[in-house]
Structure formats: structure tokens, C-alpha cells
Amino acid sequence: MDISFWNSKRVFLTGHTGFKGSWLALWLLSMGAEVCGYSLDPPTEPSLYRLIDLDRQLRSVRGDIRDLDALETAMRDFAPEVVFHLAAQPLVRLSYQNPVETYAVNVLGTVHLLDAVRRTPSVRAVVIVTSDKCYENQEWHWPYRELEPMGGHDPYSSSKGCAELVTAAYRRSFFPLDGYPQHQVAVASARAGNVIGGGDWALDRLVPDIMRAFSAGVPAVIRNPEAVRPWQHVLEPLAGYLALAERLHADGPAFAEAWNFGPADSDARTVRSLVSALAKLWGDAARWECIEPEQLHEARLLRLDSSKARARLGWSPRWNLDQTLLHTVEWYRSFHCAEDMRAVSLKQIQLFMRQLEVETVPDVSR
């Protein structure tokens, strides 16, 4: 990843008030990018977005991804070169309760984003973020590659598979590789594993639920202890998205396709092992208990094959799961000690970037 590439680069980021979006916005700002965020209000209270004071650091447009006119106006007014699309309804269990909203946000939202790009001449690189759950999950033991068929049992997973199909259709129809010299827009999609890290307070998401329980001194409640997920720190896929955007900008036709950014195979572990490790790191007699799962389908086994990103982008995971859990617990501990969470978050970004063997992020804390 090239820090100098991002200096003064104009970046349009949807979903900037969410967990991943806030981390990405902070990282971009630390490298000198000019960022315009488009999103609804932060989805939780507390929120990483407010804790790191992003409202004063970037141009923030409150808008719904389902409002095409508002989205297009915001994008055209800002005239970005790079677009990251992270806005989404991100929860499997909520998708059972609100399937129509899930499809409207995740599928039509992607349509709206790409249609706005069509009418924004400044755009050169677009990264559409979906999910590892976009694949038709066969519950097999080998990891999924980018060429595997899209699918999804539940509305959330299905909506992400649909978003991938939308992205591929728009790329072929409006941003074809053989027409790149004319339109000069490169569109790629990115699929990450189960992302964890400090600053996530979403309901019905494993690590936030565990951190809430431990901090309150009550047992964490686990539904599917033997389910296996590809756990990774939030900064891992974000580094992949940034590297991908750089390559799209420099040589679009060679990289305008789908990409996996998953952890090492050894970090695809059970929920049981994850919560046990977190309890040990948290201390204070932290404990957990298992309850009977509700009769909602949730995948039990899922892994990603990221060999393409390793070979062609030079991307690879930097923090193993033990390091990931340590930094996650440190972040939440710092929050409960009322520390400056912007400074804490920037410190973790700086530490991660040293692992990437690049220069240290400038100190932009205020």
C-alpha cells in the first residue's frame, strides 16, 4: 500500500458512520485523503464514528443509499476519484426480521451507487464491498474461491450474492474492460471474512455481544459454539480494499473483478475457541454459557481462499487471530477506562501499518 497515493485524493465513502466505514474513514484521513461520507446516522450508541470525532474531520452527508437522486447529487458535487461502497444492512438475523429492507439496501443500494458513478465523470476506481456470505455455501471444508457460484440461504447472504451479480452486470454493461480507454472507470468487488475489532456495538453480532456481557460482569450467551468462521481484524480487509483501489486507479482493466480478503486458514476457528480466548484475555472471571439456538439457519462452516489477492495484489493477513483478539480487547478496555479513543484507534492503525512495512501514519490526532 502506497501512503503517498492517498495524499489529497478525493474519496467518496458510503456507510462511513458504521463500524468498518469509520475505521476506513479514519485511516484515509490519516494518510491525507479528502473524504466525503454518505450514510445514515450512526447505527448504534455509543458509536466508533462519534468516539473518534469524524464529523469534524470530513465532509459528511446524511443520506439514504436508497435515495438515488440524493446519492448522485452528493457524489457529483464532491467529484471523487475513488469510491468505496460499504453502506449495507449487515446482520443475518435482522434480515430474517426485515427482508424487504435488507434487499432494498443491499441490492438496490448497490444499483444506485453504480448508477451514480455512471454520471460522475471524475470517478476512476470503485470498490464494492459485499461479504464472504455471498457464496452458495455447501458447508464443505475447503475455502471458496472468487469463481464459485453466488447464492445464500438467508435474506442477508442472498442479498450480498445479488449485489455481486449487480456489480458484474454493471461492469460488463457500462464499464466494460475493452471500453476502458473511453470510460476510464474500473469497478471491483471485495469479499471479507467475519470482521472483528474495537468500536463495534452492533446487536446480535458475536464479539460486540461478548464485550457487552464481559464489561457488565454477566456471562456471554453463545448460540452455535461449534460454528466455524474466518475471523479477522477489521484493518485486514480494509488494507485489501485500499490496495485494490490503488491498483484499479493505476491499471483498471487488470484488476476490475472480484476479490477475497480472508484470514489464514489457521484462523478459521470455532465460536467456542474464540469466546474462550476472549474470556481469558478479558479476565475478571469473564465467563460464557451456551443456549439452544433459535430455528434460524446460520452457516456452520465457511472459509475464503485469498490466494489471488496474495499473488496479484501482494496482500496477506498481518495479524493472526491471537493478535486480533488482543488488540480488540485492548480497544474495549481503553474505552471502559475513558481514554481518548481517536488516539487509541490511530495507534492501532499505526501499529498495523508497521506490519505492512510502510512508513508510520502521520500523527493527526487532535
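Student: Which ring does Arg333 lie over?
Tutor: This is a predicted model, and in it Arg333 lies over the face of Trp282, at 4.1 Å from the ring centre.

Student: And where does the charged end of Arg10 sit?
Tutor: The charged end of Arg10 is over the ring of Phe78, 4.1 Å from its centre.

Student: On to ring pairs. How many aromatic pairs does the structure hold?
Tutor: There are 16 aromatic pairs. In one of them, Phe5 and Trp6 have ring centres 4.8 Å apart and planes at 85°, so that pair is edge-to-face.

Student: Is Trp6 buried or exposed?
Tutor: Trp6 is buried, because its relative accessibility is 0%. Phe5 is also buried, with a relative accessible area of 15%.

Student: What about Tyr135 and Tyr144, stacked or edge-to-face?
Tutor: Stacked, because the planes are at 15°, with the ring centres 5.4 Å apart. Tyr135 is buried at 1% relative accessible area, and Tyr144 is buried at 1% relative accessibility.

Student: Which rings are linked into a cluster?
Tutor: Trp201, Trp331, Tyr332 and Phe335, through ring pairs.

Student: Now the core. Which residues have the most contacts inside the largest one?
Tutor: Trp6, Trp27, Leu28 and Phe84, in a nonpolar core of 79 residues. Helix H10 (residues 235-255) gives the largest share of this core, nine residues.

Student: What does Trp27 touch?
Tutor: Leaving out residues up to four places away in sequence, its contacts include Met1, Leu235, Leu238, Ala239 and Leu242, and also Ile349, Phe352, Met353 and Leu356.

Student: How many residues are in the second core?
Tutor: That separate core has 25 residues, among them Cys36, Val83, Val111 and Val123.

Conventions
Residues are numbered from 1 along each chain as its sequence is written. This is a predicted model: local features need pLDDT of at least 70, side-chain atom pairs count only at pLDDT 80 or more; totals for chains, interfaces and linings use all residues. Side-chain values use heavy atoms; hydrogens and water are left out. A nonpolar core is a set of buried Ala, Val, Leu, Ile, Met, Phe, Trp, Tyr and Cys residues joined through side-chain atoms within 4.5 Å. Buried means under 20% relative accessible area, exposed over 50%, partly exposed in between (1.4 Å probe, protein chains only). Helices (H or I, at least four residues) and strands (E, at least two) are DSSP runs, numbered from the N terminus. Contact means heavy atoms within 4.5 Å. Rings of Phe, Tyr and Trp (its six-membered ring) pair if their centres lie within 6.5 Å; planes under 30 degrees apart count as stacked, over 60 as edge-to-face and the rest as tilted. A charge sits over a ring if NZ of Lys or CZ of Arg is within 6 Å of the ring centre and within 35 degrees of the ring normal.
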